[in-house]
Amino acid sequence: MREDNVPTQKGEAWELPEDLGMTLTDDQVARLGNELARTTGDGRWSTLSFAPIDGGRSNLTYALSSDAGELILRRPPTGSLLPSAHDVMREVRVQRALGASAVPVPRVVLADETGAIFGAPAYVMERVHGAVIRAEMPGGASNSVEWRRALSHELVKTLATLHATSPREVGLEDFGRPRGYVERQIRRWEGQWSRLDGPAVPEMAALLEGLKAARVESAHASILHGDYRLDNCVIAEGDSPAIASVLDWEMATLGDPFMDLGLFLFYWREPDDYDLEIVSTVTQQSGFPRRDDLVSLYEDLAGTPVENLSFYLAFAHFKFAVIARDVAVRSARAVSSNTPPGDLVDLVTACARAGLDVLKT
């Protein structure tokens, strides 16, 4: 388990040795310190130390510390990755917009839109303390069935609250194009799949065709997180769990809220599910509710029925299979081999096959 507002994109089973530019130069640190001192009005930030935070392969994350306190730095990687995400200014805009809403987000302290500090846009946010739950539970009260069910309720409540937040009221009315969002997402992830090296996967082709044929889109539109799941939240520990902060907003937009829900449910692994290898599986432990229970809770909180759930779950399978192939390809490149780790190759096929099964239900 890793603590505090440390965003994660993929699991820790395959850590890639490639250099994504995690090292900060002395000049970068000096520029950052001076800008933080100027922005905060606290000269103690002119002398700071940093520590890279491992775990994700999306935007790079660092813990900053000085006599003035602790902060978190986010900036894009320098390596060659899939042409998606990594838009830190998108994170900045949505976190600032939601700052006064009922959705908990870290406060943005500094935003360098021009790239003057690192040569690319970056930002600094407050450090929100709590637990980021991945491989294990925090212990103590979290071992009880009541705590785990309460945590599950808070997670669904926060998602429903986000979807109920008016984009216009928080200044995000132009944050995306809700109409046609699902169709664009299918095209986007199809394009990313086509750019990745690897053996043909007939199940992926079949799943893609099934998704295209479904032509599903909710009549509702809302602010989407884009990657909402347990380990993208900071949990305030105690006898009554609460969501202290929601992290990793780089894929946020306006669109179909059931896309968020479908991905959240996909990552919510149940005891009899196949192993995804590179994501958290703590929800397979006793005391966590089933996906059907979460759907019912979401419907109650959102005040709307969830329609065509099988489509949204099937799309989540497709999206994750693309992510798994991406990890496999980059792993192979990192070790100068044309053969990705066998387990990840098998995972892509298993995920696509499961997506097909879901789509048929």
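## A tour of the predicted model

Begin by selecting G262, which has its place in helix α6 (residues 257-267); helices (H or I, at least four residues) and strands (E, at least two) are DSSP runs, numbered from the N terminus. This is a predicted model, in which local features need pLDDT of at least 70 and side-chain atom pairs count only at pLDDT 80 or more, while totals for chains, interfaces and linings use all residues. Residues are numbered from 1 along each chain as its sequence is written, and side-chain values use heavy atoms, with hydrogens and water left out.

**Around G262**

With G262 still selected, colour by accessibility: G262 has a relative accessible area of 0% and is buried, where buried means under 20% relative accessible area, exposed over 50%, and partly exposed in between (1.4 Å probe, protein chains only). Leaving aside residues up to four places away in sequence, G262 touches Y312, L313 and A316, a contact being heavy atoms within 4.5 Å.

**The whole chain**

Zoom out to the protein chain, whose secondary structure comes to nine helices and eleven strands. Of its 361 residues, 56% count as buried, and among contacts between residues at least 6 apart in sequence, 74% join residues at least 24 apart.

Next select H163, which lies in helix α3 and, at 11% relative accessibility, counts as buried. Its neighbours, not counting residues up to four places away in sequence, are S222, I223, L224, P257, D260 and Y298.

Now show the whole of helix α3 (residues 145-164) together with helix α7 (residues 291-302), whose axes come within 9 Å and cross at roughly 45°; axes are lines fitted to C-alpha atoms, for helices over the stretch in contact, and angles run from 0 to 180 degrees between N-to-C directions. The helices α3 and α7 are therefore oblique to each other, since angles under 35 degrees count as roughly parallel, over 145 as roughly antiparallel, 65 to 115 as roughly perpendicular and the rest as oblique. The crossing of α3 and α7 is right-handed, and a crossing is left-handed if the near helix is turned anticlockwise from the far one by less than a right angle, and right-handed if clockwise.

To see the contact itself, select S152, H153, V156, K157, L159, A160 and H163 in α3, which meet L294, L297, Y298, L301 and A302 in α7. By class, this contact of α3 with α7 has eight nonpolar, three polar and one charged residues, with Ala, Val, Leu, Ile, Met, Phe, Trp, Tyr, Cys and Pro counting as nonpolar, Asp, Glu, Lys and Arg as charged, and the others, Gly among them, as polar.

**Helix α4 against helix α5**

Move on to α4 and helix α5 (residues 202-214), where the axes come within 11 Å and cross at roughly 165°. The helices α4 and α5 are therefore roughly antiparallel to each other, and their crossing is left-handed. Select I186, E190 and W193 of α4 with M204, L208, L211 and K212 of α5 to display the contact, whose residues divide into five nonpolar, no polar and two charged.

**Salt bridges**

Stay in helix α4 (residues 181-194) and pick R187 and E183, which are four residues apart and so separated by about one helical turn. Their side chains meet in a salt bridge (3.3 Å, N to O), meaning a side-chain nitrogen of Lys or Arg within 4 Å of a carboxyl oxygen of Asp or Glu. R187 is partly exposed, with a relative accessible area of 46%, and E183 is partly exposed too, at 47%.

In helix α1 (residues 26-40), select E35 and R38, which stand three residues apart, about one helical turn, and whose side chains form a salt bridge of 2.4 Å, N to O. Here E35 is partly exposed at 24% relative accessibility, whereas R38 is exposed, with a relative accessible area of 59%.

As a last stop, select R74 and E91, whose closest N and O atoms in their salt bridge are 2.7 Å apart. This pair links distant parts of the chain, with R74 in strand β4 (residues 69-75) and E91 in helix α2 (residues 88-98), 17 residues apart, and R74 and E91 are both buried. By the salt-bridge rule, the count comes to 18 salt bridges.
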